[in-house]
Amino acid sequence: MNLKNFSLALVVSILSASTGWAYKFDSNVPEQIRTQFVNDLAFVNTIESQQSSALHQEIFGTVSGPNYTRFFETRVTGVGMNSCGGGNAVACVIPFYDSSKMWLTQNFVKFSHPQIARLMVVFHEARHTERRNSNFPHANCPVPFRDADGKDMKSIWTGAELAGEPACDRTPYGSYGSSMIMLKNIQKFCSNCSEKVRMDAGIYADDQFKRVIDARAIDAIKRDLYASIR
Amino acid sequence: MNLKKAAAGALVISAAAAFFFLSRSPSRDSVPEISSAPNSPEIQIAENVMPAVSPSTAPPLNGDAKSKAALLDQILASRNDNDPRLDRELKILDDATKDLFREKYNSLAPEKRNERGTIVFLIGRNLTGERDFSFFCDVLREAPCFSLSDCRGNSGSVTKEDYHHESGEDVTLAYPQYVALSMLGKFLQSSASGGRSGLSETAVKTLRCGQDSRVEAVLEKTNALLKGISR
């Protein structure tokens with residue numbers, strides 16, 4: 001082997017050695033939550049597909065379990081317990097405290113969410129760990145914030161309007177956009193997911209899409225994933 | 001010569017760094033470790049955690065309704081929505097099984113949104129008679145679930161953080177209804193393309209039950225589906 005090839009091999013070794021760190025649980029994470037979390041990510045790691053959309057390729061690569069696992073494990077190095085501000089949160093990231101740590105609440109197991117909905121939250125939060133992207137902060141939802149039928153977007157259960165709240169995204173690459181792109185790709189292209197998982201992925205992705213508010217971002221996602229709907 | 005020595009030195013340092021990182025990096029296949037909080041004993045997970053029953057080793061079912069109900073209970077308890085038996089042993093349901101599943105649905109606490117929605121999904125793949133559509137109508141007309149902690153509860157515990165996440169929670173609160181609408185939509189699509197046309201009128205009547213929902217999102221989805229049918 002000549003000097004050039006040897007140094008290239010060393011560079012590759014160093015790069016590959018610096019990736020692939022597994023996340024660590026704090027000791028106070030209850031076993032039930034740990035089990036659920038590990039099982040959910042184990043499911044994600046099995047996902048297979050022959051196709052993926054262009055936006056998915058940009059964010060995750062192809063629709064494949066190892067790609068999702070790599071995405072997660074290169075962003076989240078620790079998992080702990082936190083109230084996440086109280087209320088109904090299932091998980092959160094607190095960037096000013098620890099940008100690469102994910103916090104779970106008791107709601108992760110207490111609430112009866114479909115499995116793909118839990119994963120949507122986990123991958124949504126994983127996006128918030130990215131310091132190089134300023135943790136992908138949310139945009140304020142517009143005022144007024146109306147749906148396609150001109151009705152005010154408001155909570156199904158609080159009745160409170162989302163207008164003006166920091167609960168939207170202007171980019172398809174943010175937490176709402178990236179997690180809905182992931183789920184929509186699973187719905188459309190996963191070849192070994194159950195029919196229920198695929199249905200659920202579509203239901204939750206379509207709903208998350210409403211939080212993307214920039215016209216160009218909406219158009220990009222529609223062209224990427226909803227080709228028959230403009 | 002000096003350049004070659006410098007390059008060789010850099011290579012030695014790089015090699016040392018590579019060996020250092022390689023020896024420290026955990027295997028991707030390793031089980032996640034638990035780090036101890038201050039003053040707490042370290043805890044190690046001894047083995048990978050897996051669902052109690054592996055789908056590939058479970059005994060085959062003889063098609064009995066009670067066996068299928070027991071299987072459903074097992075899958076729901078595992079919280080693994082990707083269990084392949086959902087699309088195998090529980091794909092085709094006879095009337096006796098559907099009766100048992102409807103009983104199960106009604107016995108579940110309303111807060112069990114995923115469990116209820118799973119039953120709606122399974123029956124929704126087997127819409128063959130009046131009892132099935134009547135059940136779907138009841139699901140669509142159900143009272144709103146206001147909280148995943150207690151459907152009868154109020155939203156008093158809502159915080160600003162909830163706005164951030166609540167799109168997913170909104171869906172889960174109405175999940176059985178969303179599933180019912182999704183399955184009715186698929187049924188009508190397959191009727192339009194030539195299958196099961198005899199029940200399509202019943203399916204449309206059932207869909208209209210969504211217009212009685214007090215959940216605005218359910219009402220909107222119902223109207224969108226009805227509009228799509230009338231085109």
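Modeller: A disulfide is taken here as a pair of cysteine sulfur atoms within 2.5 Å. The model is a predicted one, in which local features need pLDDT of at least 70 and side-chain atom pairs count only at pLDDT 80 or more, whereas totals for chains, interfaces and linings use all residues. Residues are numbered from 1 along each chain as its sequence is written, chains are lettered from A and ligands numbered from 1 in the order in which they are written, and side-chain values use heavy atoms, with hydrogens and water left out.

Over all chains, the count comes to 5 disulfides. In chain A, bonded cysteines counted along the chain are paired in the pattern 1-2, 3-4, 5-6. In chain B, the pattern counted in this way is 1-4, 2-3.

One of the disulfides of chain A is formed by Cys190(A) and Cys193(A), whose sulfur atoms are 2.0 Å apart. The torsion about their S-S bond is about 85°, and the disulfide is therefore right-handed. Cys190(A) and Cys193(A) are both buried; buried means under 20% relative accessible area, exposed over 50%, and partly exposed in between, with a 1.4 Å probe and protein chains only.

Another link in chain A joins Cys84(A) to Cys92(A), with 2.1 Å from S to S. Here the angle about the S-S bond is -80°, and the link is left-handed. Cys84(A) and Cys92(A) are buried as well.

In chain B, Cys145(B) is joined to Cys151(B) by a disulfide with an S to S distance of 2.0 Å. This link of Cys145(B) and Cys151(B) is left-handed because its torsion is about -80°. Its two cysteines, Cys145(B) and Cys151(B), are buried.

The surroundings of these links begin with the chains themselves. Chain A holds 9 helices and 4 strands, where helices (H or I, at least four residues) and strands (E, at least two) are DSSP runs numbered from the N terminus. Read from the N terminus, its elements follow the order α-β-α-α-α-β-β-β-α-α-α-α-α. Of the 230 residues in chain A, 58% are buried. Its accessible surface is about 9500 Å², with 51% belonging to carbon and sulfur atoms; such areas come from the Shrake-Rupley method with a 1.4 Å probe, and for residues only the protein chains shown count as cover. Taking the contacts in chain A between residues at least 6 apart in sequence, 61% join residues at least 24 apart, a contact being heavy atoms within 4.5 Å.

Chain B has 9 helices and 1 strand, in the order α-β-α-α-α-α-α-α-α-α from the N terminus. Buried residues account for 43% of its 231 residues. Chain B exposes about 12200 Å², of which carbon and sulfur atoms supply 54%. For contacts in chain B between residues at least 6 apart in sequence, 63% join residues at least 24 apart.

Helix H2(B), residues 65–78, has 14 residues and spans 20 Å from its first C-alpha to its last, close to the 20 Å expected at 1.5 Å a residue; the expected span is 1.5 Å times one less than the number of residues. Its buried residues are Ala65(B), Lys68(B), Ala69(B), Leu71(B), Leu72(B), Ile75(B) and Leu76(B). Seen down the axis of H2(B), these fall within an arc of 160°, so they line one face of the helix; the arc is that of the directions from the helix axis to the C-beta atoms. They pack against helix H3 (95–107) and helix H4 (113–124) of chain B. On the face turned away from the buried side of H2(B) are the exposed residues Lys66(B) and Ala77(B). At the start of H2(B), a side-chain oxygen of Asp64(B) comes to within 3.1 Å of the backbone nitrogen of Lys66(B). Arg79(B), with a positive phi near 60°, follows H2(B).

Ser213(B) has a relative accessible area of 8% and is buried. A polar atom of its side chain lies 3.0 Å from the backbone nitrogen of Val215(B). Leaving aside residues up to four places away in sequence, Ser213(B) touches Leu140(B) and Val218(B).

Definitions and conventions:
A polar contact is a pair of N or O atoms within 3.5 Å; within protein, one must be able to donate a hydrogen and the other to accept it, and residues adjacent in sequence count only if both atoms are side-chain atoms.
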